[in-house]
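The sequence and structure come first.

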Amino acid sequence: MSIPKLSEAFIRDRANAKSFQRGEDYYQVGAVISLTLRGDLLQSEVEAREIGTYAVRVKFDRNGIHFADCNCAYNFDGWCKHIVATMLMCVRHPESIQKRPTLEKLLDSLNHLQTQKLVQDLVQEYPHLIEDIDQHVSLITQTVTPQKSIAAKPIRQALDTAPLRRQVRNILHDAVRYWEDGYEDDPIREELLSLVQTAVEFCNHGDAHNALAFLRAITSTCVDNWEDVEQYGADNEEIVEELNDAWCEAILSVELTPKEKTDLQLNLEGWQDEWNADFSLALEALRQDWNYPPLLEVLQGHITHLGAWEAEPPDYADDLALVRLKILERQQRYQEYLYLAEAEGQTQEYLTMLARLGRVEEATKAAQNQMTLMEEAYTLARTLKMQGASQEALDIAQMGLKLPGHSRYELGTWTSDLAEELGNLEVALTSRKTAFAASPSFVDYQTIQDLAGDNWKIVKQDLLEILRTYLGWNKESAKVDIFLREGLIGDAINTVTDLSSYHAELIHRVMRAAIKENPDWVIANARKRAEKIMNAGKSEYYKFAVDWLEQARNAYLESGRKADWSDYKESLIQQHVRKRKLMGLFKQAGMG
C-alpha cells in the first residue's frame with residue numbers, strides 16, 4: 001500500500017502550534033534518520049538531542065491515517081513534534097521512504113520450525129519478551145468466540161490473568177532496579193498505561209467481562225506491590241485516573257449480577273483505602289448502572305436543568321457522561337446519545353454528532369446558540385468539512401475565532417486553508433493573521449505575504465508590530481528569522497540579548513548578522529557570556545567560552561580595533577593561564 005496524499009495543512013490540523021513548530025525544527029536539522037513503510041505501517045526513528053531516538057508509527061487505511069503514535073512522553077493536544085517531523089519528511093521527501101516486507105510476509109516465508117527458532121532466539125536476546133508471549137498465548141488460547149445462537153447464551157471462559165500479574169510485578173520491580181542504578185525518570189507510567197489501554201480495547205471489541213478481569217489483575221497487583229516503588233517517589237495519580245475511567249467503561253459495558261456488583265464494590269473501596277486512590281467515578285457507575293431513574297428520563301428525551309442527576313452533579317459528572325456517550329455511540333444508539341449530550345452540557349459532542357448524522361442545518365443552527373468555546377467550533381467545523389459541508393464549516397470556524405479558548409492558532413490556520421480552498425482570499429488572510437498573532441512563525445509570515453498580494457507593505461507592518469510585542473515563549477527563532485529577513489538587525493538584537501546561552505546557536509546567528517551594523521553589541525554580549533563560563537572554572541564548558549570569544553574577536557577586527565582585541569586577549573591569558581584545557585583551546589582557535 002502507498003501512503004495517501006498528505007499536505008502540510010493536514011499535518012497542522014493534527015498538531016498544536018508548539019508541536020508543529022518544534023517538529024519543523026526537528027525536520028530542518030535532519031532529525032528523522034529513518035523512514036520505513038511495511039504495508040500500511042510507516043515507522044521512523046527521530047533523533048532527540050542528547051537523549052537518543054524516539055520511535056514513530058503511523059498506520060494508514062483507505063481513508064487516510066488510521067492512527068499515529070510515538071513512544072515519547074508527550075500526552076497533550078494532537079501529534080507530538082516527532083510525529084510532525086516524520087510526516088513533514090513524508091510530504092517533502094517521499095523518495096526517502098524505504099519500502100520493506102510486512103511482518104506477515106516475512107513470517108509466511110518461514111516454516112513452523114523456523115518460526116519457532118526465530119521466537120526462541122528473540123527471547124534469548126530479549127528475556128523480558130517471555131512475559132509478553134505468555135500473556136498473549138493465554139489470550140489466544142483462552143478467548144472463546146461464541147457461535148451465534150438464539151436459544152443459548154454464549155459460554156464465557158475466564159481469562160487467566162496470572163501472566164498479566166507477573167508482568168505488572170516485573171514492571172514495578174524493574175523500576176526499582178532502574179532507580180537504584182541512578183536514573184531519575186519514570187519507567188512505570190507508560191507501561192502500565194499501555195496495559196490499561198488493553199483493557200479498554202476489550203470493551204471496544206465487546207468483551208467487557210475480560211476487561212474487568214484485566215483491570216482487576218492490574219489494580220490489585222499494583223496495590224499489593226506499590227510500597228516497593230513508593231519509597232522512590234513513584235506517583236500513582238495518573239495511573240489511578242486512567243484506571244478509574246477504564247473501570248467505569250467496563251462496568252457500564254456489561255451486565256453484572258448483584259453478587260458481582262457487591263464484590264466489585266468491596267474491591268474498589270478496599271483499593272481506594274490501601275492505595276490512597278480515588279475510584280469514585282467507577283463506584284458511581286456501579287451504583288447507577290443504566291437503571292438510574294434520572295438517566296432513564298433523559299434517554300427518553302425528558303430533559304431538566306439537573307440533567308441526568310437527582311441533585312447537584314458531582315465533580316466527575318462530565319467524565320461519567322463522556323464514558324456513557326462513548327458506549328452509546330458504540331451501540332449506535334444515536335438519538336439517546338444526543339439526548340444525553342444535550343442534558344449533560346456536552347456541547348462539542350452534541351453538535352458534532354448532529355453533523356456526523358448528516359443533520360447539518362440543525363447542527364449549524366444549534367451552534368449559533370450553544371457554542372461557547374473555540375474548541376467546540378473547531379471540532380464541529382472539521383466534522384462539517386468531512387461531511388462535505390465546506391461553506392458551513394467555514395462559517396462555523398469564523399464564529400469560533402471570536403470565541404474564547406486555547407486553539408486560536410490551530411483554528412486560524414485551518415480556517416485560512418479552508419477559505420483559500422473555497423476561493424475566499426479575504427477570509428484566508430484575516431484568519432492567517434489571527435493565527436500569526438496567537439503564535440508567530442516564519443512559515444506563516446511567508447504564507448501571509450502570498451495572500452496579501454499588493455497590500456503586503458501595510459500587512460507587513462502589522463505583523464512586525466505583532467512580533468515586537470509578542471510575549472509568548474519559545475518564539476525567539478521565528479522572531480529572528482523574520483527580523484533578519486527584513487534587515488531589522490536592532491529588533492533581532494533586542495530578541496536575543498537577554499537569552500540564556502541555551503539559545504547559543506540563535507545568538508551566534510544574530511551576532512554574525514550584526515557584526516557590521518553593531519559590533520559593540522557583539523563584543524559586549526560575547527565577552528559577558530565567555531567570561532561567565534571561564535570564571536566559573538567548569539572545564540567541560542570552556543569550548544563554548546572560546547566560541548563566544550571568536551565572535552568578539554571577529555567584531556573587534558571588523559570594526560578596525562585589532563589592538564583592543566590583542567590587549568583583551570592578553571588580559572584573559574594572564575588571568576586564566578593555569579587553566580590548561582582553556583589555554584589549549586585558545587591555541588586551537590588561534591588565540592594563544
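Of the 592 residues of the protein chain, 44% count as buried. The model is a predicted one. The chain has 30 helices and five strands, and its C-alpha atoms fill a box of roughly 100 × 60 × 55 Å along the principal axes. Among contacts with a separation of 6 or more, 60% are between residues 24 or more positions apart.

## The sheet

The five strands form an open sheet of mixed pairing, in the order β4-β3-β2-β1-β5. β4 (64-70) and β5 (98-100) stand at the edges with a single partner strand each, so one side of each has no neighbour in the sheet. From one strand to the next, the twist averages 25°. Helix α3 (residues 81-92) packs on the sheet, where α3 touches β1, β2, β3 (52-61) and β4. The direction of α3 makes about 70° with that of β1.

Strands of a sheet pair through backbone hydrogen bonds, in either a parallel or an antiparallel sense. Here β1 (residues 32-38) and β2 (residues 41-48) pair in the antiparallel sense, over six bridges. Within this pair, Leu-35 stands opposite Ser-44 in β2.

Helix α20 covers residues 408-421 and holds Thr-415.

| Residue | Relative accessibility | Contacts |
|---|---|---|
| Ser-390 | 17% | Lys-385, Leu-418, Leu-422 |
| Ala-393 | 0% | Ala-381, Leu-384, Lys-385, Trp-414, Leu-418 |
| Thr-415 | 0% | Leu-394, Ala-397, Gln-398, Leu-401, Val-427, Ser-431 |

Buried means under 20% relative accessible area. Ser-390, at 17%, therefore counts as buried. Ala-393 is buried at 0%, and Thr-415 is buried at 0% as well.

Lys-385 and Leu-418 are among the contacts of Ser-390, and both also touch Ala-393. The C-alpha atom of Ala-393 is separated by 7.9 Å from that of Thr-383, ten residues apart along the chain. Thr-415 in α20 is in contact with residues including Leu-394, Ala-397 and Gln-398.

## Helix pairs around α27

Two helix pairs involve α27. The axes of α26 (residues 504-514) and α27 come within 9 Å and cross at roughly 150°. That angle makes α26 roughly antiparallel to α27, since angles over 145 degrees count as such. The crossing of α26 and α27 is left-handed. On the α26 side, the contact is made by Ile-507, Val-510, Met-511 and Ala-514. On the α27 side, Pro-519, Trp-521, Val-522, Asn-525, Ala-526 and Arg-529 take part.

α27 also packs with α29, at an angle of about 15° and with the axes 12 Å apart. The two helices are therefore roughly parallel to each other, and their crossing is right-handed. Arg-527, Glu-531, Met-534 and Asn-535 of α27 meet Tyr-568, Leu-572, Gln-575 and His-576 of α29 in this contact.

## Helix α30 and the residue after it

Which residues of helix α30 (residues 580-588) are buried? They are Leu-582, Met-583, Leu-585 and Phe-586. These residues cover an arc of only 160° around the axis, which puts them on the same side of α30. An α-helix has 3.6 residues a turn, so residues three or four places apart point the same way. On the other side of α30, Arg-580, Lys-587 and Gln-588 are exposed.

What do the buried residues of α30 pack against? Their partners are α27 (519-536), α28 (542-558) and α29 (562-576). Two of these, α27 and α29, form the roughly parallel pair described above. Just after α30, Gly-590 takes a positive phi of about 75°.

Note on methods:
Residues numbered from 1 in each chain as written. Predicted model: local features only at pLDDT ≥ 70, side-chain atom pairs only at ≥ 80, totals over all residues. Heavy atoms only, no water. Buried < 20%, exposed > 50% of the residue type's maximum accessible area, 1.4 Å probe, protein only. Helix = DSSP H or I, 4+ residues; strand = E, 2+ residues; numbered from the N terminus. Arc of directions from axis to C-beta. Contact = heavy atoms within 4.5 Å. Pairing = 2+ DSSP bridges. Axes fitted to C-alpha atoms, helices over the stretch in contact; angles between N-to-C directions. Parallel < 35°, antiparallel > 145°, perpendicular 65-115°, else oblique. Left-handed = near helix turned anticlockwise from the far one by under 90°.
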